[in-house]
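Open the model in your viewer and keep a selection panel at hand. The stops below go from the core to the sheet, then to the side-chain pairs.

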Amino acid sequence: MTFHAKKLLTIVTEAVLEAPLVKVLQQLGAHGYTVCDARGGGSHGVQGGGWSFEGNIRVDVVCDAAVAEAIAAHCQQAYLPHYGLILYVSDVGVLRADKF
């Protein structure tokens with residue numbers, strides 16, 4: 001079986017950013033994304049995970065390295081100064097490279 005190298009970009013942020021973030025993902029070349037509710041704890045305390053504008057979301061995007069870089073740069077410039085946001089990138093292997 002052959003796996004194709006891609007990046008998994010994960011963004012954990014405030015639910016209020018879902019619509020503008022999804023729009024930017026598409027504009028910057030993401031072929032798809034997954035959004036789910038998120039909750040947990042960290043330096044800012046415990047965060048709830050209800051599907052409301054007070055909750056948090058996790059957005060996963062499997063993409064090429066260039067797309068991951070572009071999305072990360074946009075998030076750093078546009079959202080990081082004003083919203084709670086965690087962003088990380090992992091190496092992944094996918095079966096159907098044409099989907100990403």
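Predicted model: local features only at pLDDT ≥ 70, side-chain atom pairs only at ≥ 80, totals over all residues.

Which residues does Ile71 touch, not counting residues up to four places away in sequence? The residues it touches are Leu9, Ile11, Leu25, Leu28, Ala30 and Val61.

**The core**

As background, nonpolar side chains in soluble globular proteins tend to be buried together.

**The sheet**

Hide the side chains and show the strands. Four of them form an open sheet, ordered β2-β5-β1-β6, with antiparallel pairing. Select β2 (34-38) and β6 (85-94) to see the edges: each has a single partner strand, so one side of each is left without a neighbour in the sheet. On average, neighbouring strands of this sheet are turned by 20 degrees against each other, direction ignored.

To find one of the bridge partners, pick His4 and look across to Val94 in β6.

Bring the helices back. α1 packs on the sheet and touches β1, β2 and β5; the direction of α1 makes about 5 degrees with that of β5. α2 also packs on the sheet, where it touches β1, β5 and β6, and the direction of α2 makes about 15 degrees with that of β1.

**The salt bridges**

Show the charged side chains.

Select Lys6 and Asp64. They form a salt bridge whose closest N and O atoms are 2.6 Å apart. This pair links distant parts of the chain, 58 residues apart: Lys6 is in strand β1 (residues 4-14), while Asp64 is in the loop between β5 (56-63) and α2 (65-78). Is Lys6 buried or exposed? Lys6 counts as buried, because its relative accessibility is 12% and the cut-off for buried is under 20%. Asp64, with a relative accessible area of 37%, is partly exposed.

Go on to Arg58 and Asp60. Their salt bridge has its closest N and O atoms 3.1 Å apart. Arg58 is partly exposed at 32% relative accessibility, whereas Asp60 counts as buried at 16%.

Then select Asp37 and Arg39, a salt bridge with the closest N and O atoms 3.6 Å apart. Here Asp37 is partly exposed, at 28% relative accessibility, and Arg39 is exposed, at 64%.

**The aromatic pair**

For the last stop, show the aromatic rings. How many aromatic pairs does the count come to? The count is one aromatic pair. Select Tyr79 and Tyr83: the ring centres are 6.4 Å apart and the planes stand at 75 degrees, so the pair is edge-to-face. The label follows because planes over 60 degrees apart count as edge-to-face. Tyr79 is buried, with 7% relative accessibility, while Tyr83 is partly exposed, with a relative accessible area of 32%.

Note on methods
Residues numbered from 1 in each chain as written. Heavy atoms only, no water. Salt bridge = Lys/Arg side-chain N within 4 Å of Asp/Glu carboxyl O. Helix = DSSP H or I, 4+ residues; strand = E, 2+ residues; numbered from the N terminus. Buried < 20%, exposed > 50% of the residue type's maximum accessible area, 1.4 Å probe, protein only. Contact = heavy atoms within 4.5 Å. Phe/Tyr/Trp six-rings, centres within 6.5 Å; stacked < 30°, edge-to-face > 60°. Pairing = 2+ DSSP bridges. Axes fitted to C-alpha atoms, helices over the stretch in contact; angles between N-to-C directions.
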